[in-house]
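Visitor: I would like to go through the fold of this protein. Could we begin with the sheet and then turn to the core?
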Amino acid sequence: DLMKGAERPLFGGGGEAQRMAAITRLVEPRALRAIESIPGARHPQRVLDIGCGRGDYLAELLTRYRDAMGLGIEIDPGVAEQARRRLAEADVTRRAEVLVGDFRSIELPRGNFDLILLNHNFHYFAPAERPALLRRIKGRLNESGVVAVQTLVLTEGSLPSLLGLQAGAALFDLLLRAHGNLHGLPSATELHQSLRDAGFASTGEVAVIPGGAVRYVFGTVTPMAEPRSGA
């Protein structure tokens, strides 16, 4: 129908978002280990999870770092309630809060953060919206703070090809572009440039799965002593 000129449907109905969230949770254990390889992200005192979904990342980080405080932002009220239940199950509700809204416009509590996460949701933001998004993120980070964007990227190389990751990424990119409210996968190069354009002093990346098809691309407010790359 799309090839015949039909209007692109909107993503999110019929449990689509829940199914996509279930798929991305498959890499969660590896992603949590990858976070510890990001300079400045190993032991954050205040964590902000933008688009926190069911709250799994936030709950795990607050369980791991018992003196840390966390805030989740989720645009879907039903999913936000699931996140609150997840935080209660992890017994971290005294150190965590989940707000319903859009990070770009919601009023946030006072104080900045050491670590801000975007896990598999950068494609929800149109390319024209990303500079303002990243500038606002930088404005809510402490001097030693870091933003980490976890995303599937279109990659080249023998390992991604051998594991079938290139084809999978290409299909996912096509899925995104087939919806009117989603956007294609960013390339790692584009993400690095976007972070630098937003004023981040240093950028780097850490692979989440072998070959780097899923990775964290991160930016730091102050320059890193030594550039790091796990891709």
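Visitor: What is the order of the strands in the open sheet?
Guide: The model is predicted, with pLDDT of at least 70 needed for local features and 80 or more for side-chain atom pairs, while totals for chains, interfaces and linings use all residues. Residues are numbered from 1 along each chain as its sequence is written, and side-chain values use heavy atoms, without hydrogens and water. The seven strands run S3-S2-S1-S4-S5-S7-S6, with mixed pairing. Strands are DSSP runs of E with at least two residues, and helices are runs of H or I with at least four, numbered from the N terminus; two strands pair if DSSP finds at least two bridges between them.

Visitor: Which are the edge strands?
Guide: Strand S3 (96–100) and strand S6 (202–207), each of which pairs on one side only.

Visitor: In which sense do S5 and S7 pair?
Guide: Strand S5 (residues 141–152) and strand S7 (residues 214–220) are antiparallel, over seven bridges. Leu152 has Val214 in S7 as its bridge partner.

Visitor: Changing topic, which residues have the most contacts inside the largest nonpolar core?
Guide: They are Ile35, Ile38, Leu87, Leu117, Val208, Tyr216 and Phe218, in a core of 38 residues. Such a core is a set of buried Ala, Val, Leu, Ile, Met, Phe, Trp, Tyr and Cys residues joined through side-chain atoms within 4.5 Å; buried means under 20% relative accessible area (1.4 Å probe, protein chains only).

Visitor: Which element gives the largest share of this core?
Guide: H3 does, with five residues. A second, separate core has 25 residues, including Leu71 and Leu108.

Methods:
Buried means under 20% relative accessible area, exposed over 50%, partly exposed in between (1.4 Å probe, protein chains only).
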